[in-house]
Amino acid sequence: MNSLYEYKFNREKCWYLDICPFKDDIENNCRISCPRYFKMDYLMWASNIPQNMQGREKLMPTAPDIKIFERLKEIQKNLTTWVNNGNNLYLYSEGFGNGKTSWALKLLKNYFNSIWQTTDLKCRGIFLSVPVMLRTMKDVINLRNKKDSESIKKVNYYDFIIENISTTDLVIWDDIGYASASDADFKFLSSYIEDRTISRLSNIFTGNLSEESLKNQLGSRLCQRIWNNSEVLEFKGISLRGLK
């Protein structure tokens, strides 16, 4: 367990509160020592998933994406095997808000749910918003010169995530075709994606670029690593944002 991690029990944020058989037995079972809560809390912390995206979400497709949702549900049913086999997905669409990132996160969180009983306390999956990661990478350069506790904590957590990208079971590369990335940024991304591809570790890529556009944006080599080594699923439905 990483020394940066601080365990704080918060019953109201429990991922299983609405289905847990012990939810009403607060004195004896629904408490700080719950092993399921503890394991999931650590996996979430180590994953870099933002707090407001850690909850469960019911996703409903619009008509054009029904088959895509059915295929993703098939993967979800055999998720541990899918990850163990080093499979990859590229989820893309020309539009925005139609479920690509939500589905990627759903799969990662379901993977945690499938392994929590047997896993050690280590990083088993990471969510990376590519634009945020590249911006953070630049911010950390300045933070390394600061000595206040908050800056040190941010730098150490960033280092923890970077150290685990090449070896963790599953990485989500969200918005992989980020238009403002520099050549140095693409080399940074390429090195980790190639490491994971060679090691047959699973990745889920999300973006808004077709194969040709991805090639123009990322270059032939990185595009081939993503497109040719992934099951490609194109979302064509309307935005789901704001819909229940």
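I counted 10 salt bridges, taking one as a side-chain nitrogen of Lys or Arg within 4 Å of a carboxyl oxygen of Asp or Glu. The model is predicted: local features need pLDDT of at least 70, side-chain atom pairs count only at pLDDT 80 or more, and totals for chains, interfaces and linings use all residues. Residues are numbered from 1 along each chain as its sequence is written, and side-chain values use heavy atoms, without hydrogens and water.

**Entry: Glu231**

I looked up Glu231 and found a salt bridge to Arg71, with the closest N and O atoms 2.7 Å apart. Glu231 sits in strand E5 (residues 231-234) and Arg71 in helix H2 (residues 66-77), so the pair ties together parts 160 residues apart in sequence. Helices (H or I, at least four residues) and strands (E, at least two) are DSSP runs, numbered from the N terminus.

**Entry: Glu194**

I next checked Glu194, which forms a salt bridge with Arg221, closest N and O atoms 2.4 Å apart. Glu194 lies in helix H7 (residues 183-198) and Arg221 in helix H9 (residues 220-227), 27 residues apart. Is Glu194 buried or exposed? Glu194 is buried, at 15% relative accessibility, while Arg221 is exposed at 55%. Buried means under 20% relative accessible area, exposed over 50%, partly exposed in between (1.4 Å probe, protein chains only). Glu194 also meets Arg225 in a salt bridge (3.9 Å, N to O).
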